[in-house]
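Welcome! Take a moment to look over the sequence and the 3D view, and then we will walk through a few features together.

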Amino acid sequence: QKNLVTSVYRTILRKKKLFIQAPTGVGKTIATLFPAVKAVGEGLGDKIFYLTAKTITRTVAWQAFETLREQALRMKVIVLTAKDKICFCEETNCNPDHCPYAKGHYDRVNDAVYELLTSSDELNREILEEQARKWKVCPYEMSLDLAVWVDGVICDYNYVFDPQVYLRRFFAEGVKGDYVFLIDEAHNLVERGREMYSAVLYKEDILRMKKLVKPYRKKLEKALERCNRLMLEWKRECETCRVLPSIGNFSLALLSVMGETENYLEELGDGELRKELLDFYFEVRSFLYISDLIDENYVIYTQHDEDGRFRVKLFCVNPAQNLQNCMDKGRSTVFFSATLLPVMYYRELLSGRSDDYAIYAQTPFAKEQKCLILGRDVSSRYTRRGPEEYGKIAEYIHAVVCSHTGNYMIFFPSYRMLDDILERYMELYGTDGVEILQQSPSMQEKEREDFLERFESENTGTLLGFCVMGGIFAEGIDLIGERLVGAVIVGTGLPQVSYEREILKQFYDRKKENGFDYAYRFPGMNKVLQAAGRVIRTQEDTGAILLLDERFRNSEYRPLFPV
């Protein structure tokens, strides 16, 4: 941990970037936060942005600040919550005629902000909501005003990187500061970056808007028809998926649509048509913004979706340059995660610079705490899937259950395979003496909480939680001690084959890289390591990890495991 602290401090001092691969239990959060606080205290930075992908990691960051406060730290810290989550109204509508908190907001917000800043250093969601109700102001807008005056901001990635929602008061064009970016669970930023810097439009949405405005606005209808015709040409030339060299005149047609839409919205009163047109306007604006970013890191393609809809997508294959442009608005960036292997993969996709620092922290746990078992006679390959293979996997799961009573999580590469193997397990062994929980793709927050609450250390029997890799229970959760005694991981976590994955593969093949690694193997192994990391969380934990797939012993996979 001392080595991590020193490395982070030196990185900030030298205005560089640092990649930290550190196993669970090292104390990554406090080891990155403490030197960042020290650096800001010494004038080496203006503000700390602690960036996360999930709510639970925001809680961990807040607790780390609390630990430092117990050691006499005086620093104002705020947790930013998304507008739709913190909004007091049933429907998020910021029109003062519809929202009592928006009406007169600017008359009262300065007093609300001043009172909070002079009375508290702790600005979490509960405190912000209480203050917003007291002064009858918008809690979201108040939190943004407060963020200007605090020393630390805990928030989602998109507040810094997303071109649609980033904090313009800090990161607008021409604006920058001595900000320190601490990026937690940084492995998530690869896919999130691709999403944030990609854009899509559907032909059906354009045609629908054309029909809606036809009786009212002929100029807008004609502009939409031009876009529709261009997409119709692409549709006729596309069998399933087709890569385009450019979008040609489509952007000019969309500019005309956007201009006519703006004119119509100025005249259009409230109602369902205005709401739908406004949503469509933002989609077009986003598409045009992304189209200006297109370079060698993008692939443009058209596709017929499974539901019959036709789309054109500006796909950001490598988000490094766009992310780097955002990080250039600050002083220094620290990426950290328990799964940043191989580092060169993440360095290429998150910064694109070969001179960035990188360190690997050794695990603090003894080898005796973990029993690692490899099942080499089974596989999750598509060619092997079926009742016979599922029976072998079910037999492994049952053997684990019989060996030691306790709580286990069984991780699968997909919901389909989860369902199939659970059904096979029930056929062979039933539920005698075992309680079974099953993750579903549509679980609400309360259902997730209930699922985790069943993993209690006081359970006297055996509990099996059937989950998916890369899902809500595969990372970011702490089931300490007897709450989780083992994990069974079925397969290498490879993403499902899709046109987009194949585009990724071909993109890196053309760059003389191993395209399969970039599109499938590296993302898959990240899911495996995250799932395995649920078992040993503290120096008192012990547990078993069972890896079920013959491919884990291959030379392509062995270097991807932590030492």
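**A buried phenylalanine**

F171 is buried, with a relative accessible area of 3% (buried means under 20%, exposed over 50% and partly exposed in between, using a 1.4 Å probe and protein chains only). This is a predicted model, where local features need pLDDT of at least 70, side-chain atom pairs count only at pLDDT 80 or more, and totals for chains, interfaces and linings use all residues. Residues are numbered from 1 along each chain as its sequence is written, and side-chain values use heavy atoms, leaving out hydrogens and water.

**Around F171**

- F171 sits in helix α9 (residues 168-171); helices (H or I, at least four residues) and strands (E, at least two) are DSSP runs numbered from the N terminus.
- Beyond its neighbours within four places in sequence, F171 is in contact (heavy atoms within 4.5 Å) with residues including F49, Y159 and K329.
- The C-alpha atoms of F171 and C326 are 7.4 Å apart, although 155 residues separate them along the chain.

**The sheet**

- Six strands form an open sheet with parallel pairing, in the order β13-β18-β17-β14-β16-β15; two strands pair if DSSP finds at least two bridges between them.
- β13 (370-375) and β15 (434-438) are at the edges with a single partner strand each, so one side of each has no neighbour in the sheet.
- From one strand to the next, the twist averages 15 degrees (axes are lines fitted to C-alpha atoms, for helices over the stretch in contact, and angles run from 0 to 180 degrees between N-to-C directions).
- β15 pairs with β16 (residues 462-468) in the parallel sense over 5 bridges, and I436 has L464 in β16 as its bridge partner.
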